[in-house]
Amino acid sequence: MKKSFLIGICVALLLTSCAHEYNQVYKTTDNNYKYEFAKECFAKGKYGFAVPLLQDLVTIEKGTDNAEECLYMLAMGEYGLKDYEAASETFKKYYQTYPRGRYAEMASFYIGQSLFEGTPESRLDQTPTIAAIAAFQDYLDIFPEGKMKSTAQQRLFDLQDKLIRKEYLNAKLYYNLGSYFGNCTSGGNNYEACIITAQNALNDYPYSNLREDFSILIMKSKYELAQMSVESKKLQRYQDAEDECYGFINEYPNSKERKTAEDFIKKCKQITKD
């Protein structure tokens, strides 16, 4: 107990000493001292100390030999603090200011990486995901053989998967809503929206690992749509649903939903055979 208490006192004194030194550095007019202290904090991963100093130094050191490094360290420090929105803007500022600078390639990569870290889960708005894709594509266009090439390419795949997942969730939501809003007699419903959303996703991402899942939604939606149709559209829609089921079985003969497709075909034939 006594040993733990002594350790606690030592830690408290050390933190107090560090805070006191930091306050002195922050207030000093000796910019070289502030710059060296900021670099030391950055090197030790003390980004909470480094970032406020670097924010001052970016302005103070503008036009000097230290300006470029200060700006890059500030961006990396913000990234280290997980302030990804600020980091992406600072990396962007660095690259725009020093397009041929020492850290230009890494700054270009970290614009995308910062946006990547801040992307939301698939069910939320994916505007940040689209921005991250554009940033990584810019990096690959400018540095086609860059040292972060493989990582950037993998990030693009990951981000595309997130967009595809978002489209799948949208299509599935339409399917689950079914006829909750609107119906065939009033000019359309959620099954039609599901079909359009899923088909667009398959056209945009033909090699998606969710391809079968989209196809299942299309097949089921076409059958449900046929069932709900007014008499004048019923035959055409049952034929369309039947064709979709055959196409699904041909493409996914071992699918867990093959039995569903076969059942749909039998039910469709009761209408289409007439």
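Analyst: Two residues are in contact when heavy atoms lie within 4.5 Å. This is a predicted model, where local features need pLDDT of at least 70, side-chain atom pairs count only at pLDDT 80 or more, and totals for chains, interfaces and linings use all residues. Residues are numbered from 1 along each chain as its sequence is written, and side-chain values use heavy atoms, with hydrogens and water left out.

User: Which residues does Lys166 touch, not counting those up to four places away in sequence?

Analyst: Ser122, Arg123, Leu124, Asp125 and Gln126. Lys166 itself sits in helix H8, residues 149–177.

User: Why is Lys166 called buried?

Analyst: Its relative accessible area is 18%. Buried means under 20%, exposed over 50%, and partly exposed in between, with a 1.4 Å probe and protein chains only. So Lys166 counts as buried.

User: What makes Lys82 exposed?

Analyst: Its relative accessible area is 61%. The cut-off for exposed is over 50%, so Lys82 qualifies. Lys82 lies in the loop between H4 and H5. Its phi is near 65°, a positive value in a residue other than glycine.

User: How do you know how many helices and strands the protein chain has?

Analyst: Helices (H or I, at least four residues) and strands (E, at least two) are DSSP runs, numbered from the N terminus. The protein chain has 12 helices and zero strands.

User: What makes a set of residues a nonpolar core?

Analyst: The members are buried Ala, Val, Leu, Ile, Met, Phe, Trp, Tyr and Cys residues, joined through side-chain atoms within 4.5 Å. The largest such set here has 58 residues, and Leu54, Tyr72, Phe91, Tyr110 and Phe214 have the most contacts inside it. Apart from it lies another core, of 14 residues, including Ile216 and Tyr238. In soluble globular proteins, nonpolar side chains tend to be buried together.

User: Which residues does Phe214 contact, leaving aside neighbours within four places in sequence?

Analyst: Ile164, Glu167, Tyr168, Ala198, Ala201 and Leu202.
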